[in-house]
Amino acid sequence: MRNFILRRLLQTIPMLFLASLLIFMLFAKTPGDFIDGNITLTAQRAAELKALYGLDQPLLSRYLHWLGNLLQGDLGFSLQYQIPVSQLLNQYIWNSFLLATIAMVLYWGIALAVGIVSAMKPYSLFDHVVSVVIFAAMSFPTFFLCLLLIKWFAVDLHWLPVGGMTNTGSDATGWAWVMQVAAHLVLPVIALVMLQAGSLTRYFRASMLDVVRMDFIRTARAKGLRERTVIFKHALRNALLPIITLLGFELPGLFSGALITEKVFNWPGVGHIHIDSLAARDYPVLMGFTLFLAVLTILGNLIADVLYAWADPRIRVRS
């Protein structure tokens with residue numbers, strides 16, 4: 001197991017290097033930048049700012065300078081917000097983490113429960129109803145679903161706030177602040193759960209159906225084991241093995257922010273900042289944030305590989 005983990009760690013080094021090169025070249029070759037987008041600047045002042053930020057240097061020099069700063073933990077400097085990118089992300093990324101974590105726990109729990117029941121009753125009325133609801137929820141565009149929830153629960157019924165993280169002008173602290181944040185979380189969490197639970201439910205259902213049709217499940221039933229024991233002790237454990245890969249991909253999702261959802265609900269998360277930086281062509285923020293997500297994606301794959309090898313020793317033998 002130790003050699004397996006060591007091999008996987010060594011494989012991440014060239015992947016990180018290639019990811020940094022690809023991300024830098026993608027944004028460096030994009031026409032225009034933050035300075036070009038400011039029409040109030042004179043040509044002389046624009047040239048001075050480009051020299052100040054090193055934007056007039058050759059691509060190779062700029063990449064090596066950026067890579068050197070990355071190795072020291074410096075993600076760059078935001079031209080729009082005039083603060084370090086790491087400081088900017090730290091201000092907003094935990095809001096996205098809070099929203100994504102609550103939504104993930106809910107839609108994974110719902111998908112697991114509904115997927116198991118659907119697999120145990122395939123092609124039943126319950127299974128058909130679940131399929132219709134799932135595909136209906138998945139067919140909604142994100143922005144339309146968010147606006148629909150705001151229309152129903154905030155504008156018409158006045159049950160929940162329209163958006164934001166706290167009430168406008170609020171200086172609440174303690175439990176009052178917690179209750180305000182909880183109320184503002186409800187609608188974006190509902191939107192994310194409705195959008196994400198569907199595909200995951202189908203995945204759980206398909207995985208469970210594959211397992212319950214295997215010979216060892218028939219053998220367990222033939223031995224007279226209770227159906228509850230067969231499902232939860234034998235079938236579920238094996239059905240969850242392919243899910244480990246999906247769980248690894250959830251790591252970057254916890255920090256990446258739900259761009260459209262955060263924008264519509266005015267949630268102060270990193271997805272909101274990402275859209276604003278994209279509109280302003282603040283490339284240092286976009287490069288730093290994209291690289292951060294690339295690192296999390298590679299780390300998530302590494303964790304998934306290790307968990308898979310721990311759960312199924314055959315993976316270690318073949319690797």
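Predicted model: local features only at pLDDT ≥ 70, side-chain atom pairs only at ≥ 80, totals over all residues.
1. For the chain as a whole, the mean pLDDT is 86, with 97% of the residues reaching 70 or more.

2. The packing of H6 deserves a careful look. The axes of helix H6 (residues 142-156) and helix H7 (residues 174-212) come within 10 Å of each other and cross at roughly 135°; angles over 145 degrees would count as roughly antiparallel, and the two helices are therefore oblique to each other. The crossing of H6 and H7 is right-handed.

3. Which residues of H6 and H7 meet? On the H6 side they are Thr142, Leu145, Cys146, Leu149, Ile150, Phe153 and Ala154, and their partners in H7 are Leu187, Ile190, Ala191, Met194 and Leu195. By residue class, this contact of H6 with H7 is made up of 11 nonpolar residues and 1 polar residue, with no charged residue taking part.

4. H7 also packs against helix H4 (residues 85-120), at an angle of about 35° and with the two axes 5 Å apart. The crossing of H4 and H7 is right-handed, and the residues of their contact divide into 26 nonpolar, 4 polar and 1 charged.

Key. Residues numbered from 1 in each chain as written. Heavy atoms only, no water. Axes fitted to C-alpha atoms, helices over the stretch in contact; angles between N-to-C directions. Helix = DSSP H or I, 4+ residues; strand = E, 2+ residues; numbered from the N terminus. Parallel < 35°, antiparallel > 145°, perpendicular 65-115°, else oblique. Left-handed = near helix turned anticlockwise from the far one by under 90°. Contact = heavy atoms within 4.5 Å. Nonpolar A, V, L, I, M, F, W, Y, C, P; charged D, E, K, R; others polar. pLDDT = per-residue confidence, 0-100.
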